[in-house]
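Dear colleague,

I am passing on a structure that you have not seen before, and below it I set out what was found. Please read the notes with the structure open beside them.

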Amino acid sequence: MMALDAGLAAAPEEALLRLYANGDSLAARELSRRFLPRMLAYARRMLGDADEAEDVAQEAMLRLWRIAPDWRSGEAQVSTWLWRVVANLCTDRLRRRRSVALDAVPEPEDDTPSAYSAMVDANRAAALETALADLPERQRQAVVLRHLEGLSNPEIAEIMGIGVEAVESLTARGKRALAARLAGQRETLGYDDDD
Amino acid sequence: MTTEPLHSVADDAGLDALFAAARAAEAPVPDRLLARVLADADAHMPRPASVAAPARPAASRGWLAGVLDMLGGRGAVAGLAAAGLAGVWIGFVQPVDLGRALLQSPAVDAVELYPADIDQWADLVAPETVPEG
């Protein structure tokens, strides 16, 4: 049975997983469309390495395909489960590294000369990614999940295995650290002159 | 994407603009990665049971179930004791070692109500109905 892509786009993630487990390859495509970009973006920011990030994202999705037939309805959110998998995979990789190599910070793709606003946006993005890469792992994780992935504090708490207050503390400290690192880049970040 | 001047990076509005810029600048998923992920999905996708296992023959469910089906189902023989059924069965099937037949494994391929050997019917049929030649 072929389901229309438009219909699948509105399907809840658990329904998609059920469809996939019943042999629907379009459901796998929709699940990939939904989750893979987020898994990859998160892994890129945590690991600072595009190739490693791709490996982690692929591994996380692989674990989703494997668990699909055994997925028990109503016990957990598919997305939260997947976030936890990719977060743990990244943590494992970071711990295995003897030294954290942050030279491969993800950069915006387009660096051709462009209008001022586009250049400032690119500078802002690059500046933020660089500053993020400098954060301690747990602060980086909390800030990325909260302010780049838009997850709620309770969900982040579940993913990181800590309390909500601990998430808020990590996020607050992380943002203060980012602000401190970025304070010296007024021009490239497009600050107005009053400051 | 409007680029508003930031007053300070230290306040939430300042950082929010940077977060927004970072999100917008994310590189797309490389095609090769998507291809690998979908290949994994295909490799691990349970195949639907499009060819269902054929329904087992009624007789293989047990010789008594097979007999009931042939006699019209449970409703038709409701009330008959199993021994009575066995008697009906015994009356049809011969020659058979009854002891062994009753203890026969339920996994029988067929319940023979009519003996394969047609000659054995001859004794039960009036001579004038036996076709000539």
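The contact between the chains (heavy atoms within 4.5 Å) draws on 47 residues from chain A and 36 residues from chain B. A:Glu54, A:Gln58 and A:Arg124 supply 16% of the area that chain A buries against chain B, more than any other three residues, where buried area is the accessible area (1.4 Å probe) that two parts lose on being put together, summed over both. For chain A and chain B that area is about 3,700 Å², with 63% coming from carbon and sulfur atoms.

This is a predicted model, in which local features need pLDDT of at least 70 and side-chain atom pairs count only at pLDDT 80 or more, while totals for chains, interfaces and linings use all residues. Residues are numbered from 1 along each chain as its sequence is written, chains are lettered from A and ligands numbered from 1 in the order in which they are written, and side-chain values use heavy atoms, with hydrogens and water left out.

Four salt bridges (a side-chain nitrogen of Lys or Arg within 4 Å of a carboxyl oxygen of Asp or Glu) are found across the interface of chain A and chain B. One of them joins A:Arg45 to B:Glu26, whose closest N and O atoms are 2.9 Å apart.

As for chain A itself, its secondary structure comes to 10 helices and zero strands, helices being DSSP runs (H or I) of at least four residues and strands runs (E) of at least two, numbered from the N terminus. Of its 195 residues, 49% count as buried, that is, under 20% relative accessible area (1.4 Å probe, protein chains only).

Conventions
Buried < 20%, exposed > 50% of the residue type's maximum accessible area, 1.4 Å probe, protein only.
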